[in-house]
Protein chains: 2
Amino acid sequence: MELHRREFASLLLGVAAGLAAGPADAQTDPLPSWNDGAAKDAILKFVRATTDRSSPDFVQPEERIATFDQDGTLWVEHPMYTQVVYCFDRLPVVVKAKPELADVEPFKTVLAGDREAIVKLPLDDLLKIAAATLTGMDVDQFRDEARRWIASGRDPRWKRLYTELTYLPQLELLKYLRGAGYKTYIVTGGGQDFVRAYAERVYGIPPEQVVGTAGGLSFTYAPDGRPELIKEPKLLINDNNAGKAESIHLMIGRRPRFAFGNSTGDRQMCEYVKGGDGARLSMLVLHDDDKREYAYGPAAGLPDTKVGRFTQELYDEAQRDGWIVVSMKNDWRRIFAFD
Amino acid sequence: MELHRREFASLLLGVAAGLAAGPADAQTDPLPSWNDGAAKDAILKFVRATTDRSSPDFVQPEERIATFDQDGTLWVEHPMYTQVVYCFDRLPVVVKAKPELADVEPFKTVLAGDREAIVKLPLDDLLKIAAATLTGMDVDQFRDEARRWIASGRDPRWKRLYTELTYLPQLELLKYLRGAGYKTYIVTGGGQDFVRAYAERVYGIPPEQVVGTAGGLSFTYAPDGRPELIKEPKLLINDNNAGKAESIHLMIGRRPRFAFGNSTGDRQMCEYVKGGDGARLSMLVLHDDDKREYAYGPAAGLPDTKVGRFTQELYDEAQRDGWIVVSMKNDWRRIFAFD
């Protein structure tokens, strides 16, 4: 009797699923902010090939992993990574608690607000600022502070929340991939804890699917006896370049089927993904739209910048190995939801 | 028109779901291998409280995270951790490739098969054996080797595959929690790559939900140009004691609602879980069944052993802070599926 009821139930589920995915849905474009062209075609073809059971490239649902860089791939990274802005914004609070830092470099330069000098700060100085603003507190406290800032901080060009500067075509792509059974991950050179503070709300990507640069933690007890995890100024995972492929294995343990990046920092991730068997797709955003966003490379004769370098060498490798280079100017009909 | 079809589809889905979970199912015990008692009650009460929308302790589905230790919690750890047996079994293959190791300690002792001497090897020697057998190869090669071994290696007492020595009550619990919307993780002091090789098949837990002790990796290229990730003899994450709470944050990024362990190595994980707001449950297996499995503590007057220590201090902390201690002897009706 129970078997009968179950068979009947599964029959109904099948009929219902068939109705839900009727012809009207098939005609709806899942990527309306993408212009027709090679990039959009490659995505649609890849998803069909890996999800159609009769396809020779069919991929089991549990193996459907897609990894996205964040800065310059999911949202604007120019002229300064959002997390760097966060660090600068946090500094006055840190100095209030530790006044002795006010007269010490590089804190002095940042507090003086000298933008030109700030942009030229060497990496070592940036790391000192990162350590002062991103470590020394419990992980929950850090998350709450980051959330407060991200809910109010605005970029200087568009005067909008940073979370509004996410690329609409990519939000559509994340949703489309998830609808096709892909588990979407962020694999970012940015701070894992920082991105986790808003990724679920902004991208629909839960904390456990955000992989990023991470410092050490120390488990300790607060005065009331409650356990705490304090963020330590010690680099544990540098999630850039080769580190991206390595941390994908560490944190996910499966080779992704799909990767999306925009700079040399994403090269090894794209290589790792394409190096697997079966259907694999690696993609890169080329920022070639100086009107609607920014134009920088230096690939394809675009200006060179310090942030998010897309070199000619990377461009050539992409062409040679069948990665798809997405032209922001030509492939994206809309860039932002507010456009 | 489309709306109508969707409404009809969702109506059918609702009817089908209702039929599938009819009254016969509701009366079925989700934990048949657990005896009635405080431990089983605590689990059922916790799951009801956190999944019933009208409960003050209701937990949003995305926050439902449950973490399980493996050795001694999900499967037998006595008299030797399975992964240690694996390392010993692999050693002849390693020495075949590097014959110069045959006359060097501790390899000589292990190759001689002197069980008494092997059991007494100090930690430094075990680490040398681990480095020789678990590192130096690509992650895919390691996974394939581990899978071959786990499909054939048998334990000396029951003469069964190690994967048959998983505890049936815990397999039921994992399934029950997942049915209630919990994402189940393994958080093990054992090697992350080793456990990932079989966890999906054995526990229904995918690689990305296995957190464990992990070494560094190096991204490189094979002679044919394909990217490889080589396992390096360098400890990156020591997933024991405080390391368990720290790596839960690193790998999951949410404080679990439920934790299950069996030794002092799980103490901080259990503390971290219980230290959060709202309903939380921490549990420990006490191995007090010398007939059906093993009896060791040294809590509750049980014999002290080197492997999986459940100290009196841990026992007292559990009593004081409301963790549930599960008596293998009294709380588990059946221990193994083959019983």
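**Reading the sheet**

Tutor: Start with one pair. Strand 1 (residues 65-68) and strand 2 (residues 183-191) of chain B pair in the parallel sense over four bridges. Thr67(B) has Tyr185(B) of strand 2 of chain B as its bridge partner. This is a predicted model, where local features need pLDDT of at least 70, side-chain atom pairs count only at pLDDT 80 or more, and totals for chains, interfaces and linings use all residues. Residues are numbered from 1 along each chain as written, chains are lettered from A and ligands numbered from 1 in written order, and side-chain values use heavy atoms, without hydrogens and water.

Student: What counts as a strand, and when do two strands pair?

Tutor: Strands (E, at least two residues) and helices (H or I, at least four) are DSSP runs, numbered from the N terminus. Two strands pair if DSSP finds at least two bridges between them.

Student: What is the strand order of the open sheet in chain B?

Tutor: The order is 4-3-2-1-5-6-7, seven strands with mixed pairing. Strand 4 (227-237) and strand 7 (324-327) of chain B are the edge strands, each pairing on one side only.

Student: Which strands does helix 13 of chain B lie across?

Tutor: Contact means heavy atoms within 4.5 Å. Angles run from 0 to 180 degrees between N-to-C directions, with axes fitted to C-alpha atoms, for helices over the stretch in contact. Helix 13 (residues 267-274) of chain B lies across strands 1, 2, 5 (258-261) and 6 (281-286) of chain B, at about 155° to strand 6 of chain B.

Student: Is Thr50(B) buried or exposed?

Tutor: Buried means under 20% relative accessible area, exposed over 50%, partly exposed in between (1.4 Å probe, protein chains only). Thr50(B) counts as buried because its relative accessibility is 0%.
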